[in-house]
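Please read them with the coordinates open.

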Amino acid sequence: MEDILTIGGREIKNRLFIGTGKFSSYETMKRSLEESDVDIVTVALRRVDIESKTENVLNYIPKKCILVPNTSGARDADEAVRIARLAKAAGCGNWVKVEIIRDNKYLLPDNLETVKATEVLAKEGFIVLPYMCPDLSMARRLVDVGASAVMPLGAPIGSNRGIKTKELVEILISEIKIPVIVDAGLGAPSSACECMEMGCAAVLVNTAIAVAEDPAAMAKAFADAVSAGRLAHLAGMPHSTVGAKPSSPLTGFLRDV
Amino acid sequence: MSFYETYSKYKNIPDICKSASAKDVEKTLSVRDLGIEHLAVLLSPAAGAYLEEMALRAHETTLRYFGRTIQLYTPLYISNYCENRCVYCGFSAKNKIVRKKLSLEEVESEARFISKTGLKHILVLTGESKIASPISYIKECVGVLKKYFSSISVEIYALNESEYRELVSAGVDGLTIYQETYNEEVYSTMHPAGPKRDYAFRLDAPDRGARSGMRNVNIGALLGLNDWRAEAFCLGLHAKYLQDNFPDVDIGASFPRLRPHAGAFTPACVVDDKSLVQIIMALRLFLPRLGISVSTRESPEFRDNLISLGVTRMSAGSSTYVGGHTTNIGTGDDKPQFEISDKRNVAEMMSVLERRGYQPVLKDWLNI
């Protein structure tokens with residue numbers, strides 16, 4: 001049986017999403033996207049120079065990819081909404097990753113403003129993927145206002161610290177009925193694999209791939225890890241056992257009754 | 001609390017900058033989140049023996065937060081009328097130079113010329129004269145520049161908050177303002193006349209700019225006016241204060257070194273390459289997300305080597321003459337604010353960055 005993720009009515013085969021910032025060149029970025037065969041690519045609209053023939057990042061994104069502009073630079077819901085509309089007007093489609101950050105030190109998102117922007121944009125017909133701090137109440141609100149997925153952070157952007165928010169993300173996976181996609185902080189393929197084993201629908205990676213010595217090889221490594229993690233999840237991950245399992249069950253005597 | 005109170009509290013810390021031991025440096029380099037006392041240690045003579053260790057960490061930290069990218073911009077001088085008599089500056093009112101102010105048509109032809117390079121970030125500069133280059137004039141210029149650039153920063157005389165707000169409404173998103181020196185006595189000697197004499201008003205200008213809605217605020221100390229360890233320490237303190245108080249504003253820092261200019265000022269102390277590298281890396285380690293700019297005051301070779309040590313922004317294709325991008329300059333009494341050392345144009349800078357494995361970023365903002 002083919003394992004397909006569906007978001008906004010589109011079928012997505014590759015559960016690794018890639019962010020396009022921080023690469024040493026657009027050519028390197030392109031090779032990484034091709035090597036990992038990704039379906040979903042995010043790009044900061046602030047970086048897009050539509051008028052430029054050579055410096056337009058969009059020209060380096062494979063045609064088969066779904067382009068998801070993000071609202072990087074937005075400090076509140078109003079700015080995020082304006083950026084999303086500009087992206088649509090510029091021909092970037094109707095997918096948007098809402099990213100609202102009022103904290104430039106840790107780059108942690110503002111969940112409250114994110115809910116507000118998601119509501120406005122979902123009503124306007126956007127496929128909204130909000131970047132958020134993993135919080136169950138806020139995730140439920142995002143579902144209520146029309147988000148197509150939720151994107152909790154694993155650790156602060158660029159920190160390469162792995163899935164530090166594991167407990168909270170597990171709660172989202174258990175309670176939220178739309179795809180949970182871990183975005184940010186994953187520094188190694190093993191962390192991406194762990195997210196997928198936990199039951200995440202997908203992961204988004206940028207820094208760890210972009211700044212690797214060989215970004216294309218690292219992109220492939222992440223894609224393979226994501227695929228392995230997903231397979232393990234589908235295969236039924238055994239729950240972690242606490243302590244040893246005695247060969248004679250402790251409650252074995254009950255069967256004799 | 002204004003920065004002056006923070007500054008007053010730490011005034012004496014630079015002594016630690018001098019007394020730190022090798023052991024202090026090693027201990028500091030093993031700490032993940034550095035405090036202000038660690039900055040002092042990294043600026044010490046003892047840390048001068050650990051530049052390679054600092055470089056590795058500065059490089060890795062910058063990669064994680066900024067990636068393999070360097071943002072490019074260029075300055076645009078629109079007026080050199082000035083009422084100040086800053087002893088180190090080519091635009092000083094004392095200097096007999098040709099004074100010029102661009103007409104809006106001239107601003108447009110400069111903008112058209114610069115935008116052909118692909119740059120989308122511009123830094124507008126004036127001398128300090130509210131009569132010759134009032135806010136209304138700067139706003140008109142911004143109105144023209146908006147058609148060509150997606151990010152407009154200003155490096156002009158210190159304003160009050162409502163004046164900064166006016167500029168933000170007109171389309172300015174960045175403020176660059178250097179304290180020049182944090183030492184009040186040296187400041188007073190260096191600024192003998194003109195509105196810039198007011199140390200406190202200038203010191204609080206970045207706060208006012210941040211409160212007015214500027215998206216990025218860039219501060220700096222003019223190296224050569226005073227002991228560099230003390231200046232770099234105060235600059236770090238100031239940047240941290242701004243980051244703490246304005247978390248939604250990008251804070252940046254510059255470390256201009258004095259260069260020869262029309263007034264022939266001899267720097268009070270020389271900051272050699274090794275010291276400048278130490279300053280940049282100490283600031284990077286102390287504030288991982290700090291924007292760090294290096295201008296064309298520095299030589300091409302030195303700038304190229306700084307690329308992987310913590311720098312995030314570089315100017316290119318610069319002219320420090322009023323209207324210097326499109327007019328014949330450098331003839332007769334026409335003088336720049338300071339002489340530039342790296343004369344490479346934008347295309348040349350881009351290929352240098354590409355060869356070194358960095359993506360030149362020409363656009364990283366959009367005017368919403």
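1. Basis. This is a predicted model, in which local features need pLDDT of at least 70 and side-chain atom pairs count only at pLDDT 80 or more, while totals for chains, interfaces and linings use all residues. Residues are numbered from 1 along each chain as its sequence is written, and chains are lettered from A and ligands numbered from 1 in the order in which they are written.

2. Chain A overall. Chain A holds 9 helices and 10 strands (DSSP runs numbered from the N terminus, helices being H or I of at least four residues and strands E of at least two). Along the principal axes, the C-alpha atoms of chain A fill a box of roughly 80 × 40 × 40 Å.

3. Of the 257 residues of chain A, 47% are buried (20 or more other C-beta atoms within 10 Å of the residue's own; exposed means 12 or fewer, partly exposed lies in between, and C-beta atoms are placed from the backbone). Contacts require C-beta atoms, placed from the backbone, within 7 Å. Among contacts in chain A between residues at least 6 apart in sequence, 62% join residues at least 24 apart.

4. Contact between the chains. Chain A puts 26 residues in contact with 24 residues of chain B. On the side of chain A that touches chain B, helices H2 (77-89) and H7 (207-210) of chain A each supply at least two residues, and H2(A) gives the most, with 4. By class, that side has 6 nonpolar, 9 polar and 11 charged residues. Here Ala, Val, Leu, Ile, Met, Phe, Trp, Tyr, Cys and Pro count as nonpolar, Asp, Glu, Lys and Arg as charged, and the others, Gly among them, as polar.

5. Cores. A nonpolar core is a set of buried Ala, Val, Leu, Ile, Met, Phe, Trp, Tyr and Cys residues joined through C-beta atoms within 7 Å. The largest has 104 residues, and Leu72(B), Ile122(B) and Leu283(B) are among those with the most contacts inside it. Helix H12 (residues 228-245) of chain B contributes the largest share of this core, 10 residues. Apart from it lies another core, of 75 residues, including Leu33(A) and Met138(A). Beyond four places in sequence, Leu283(B) is in contact with Ala232(B), Gly236(B), Ala253(B), Leu290(B) and Ile292(B).

6. Strand E3 of chain B. In strand E3 (residues 151-155) of chain B, 4 of the 5 residues are buried. Strands pair if DSSP finds at least two bridges between them. E3(B) pairs in the parallel sense with strand E2 (residues 121-126) of chain B over 5 bridges, and Ile122(B) has Ile152(B) as its bridge partner. E3(B) also runs parallel to strand E4 (residues 174-180) of chain B, joined by 2 bridges; here Val154(B) is partnered by Leu175(B).

7. Ile340(B). Which loop holds Ile340(B)? Ile340(B) sits between strand E8 (313-315) and helix H15 (346-355) of chain B. Ile340(B) counts as buried because it has 21 C-beta neighbours inside 10 Å. Leaving aside neighbours within four places in sequence, Ile340(B) is in contact with Thr296(B), Arg297(B), Ser318(B) and Thr320(B).

Definitions and conventions
Two residues are in contact if their C-beta atoms, placed from the backbone, lie within 7 Å.
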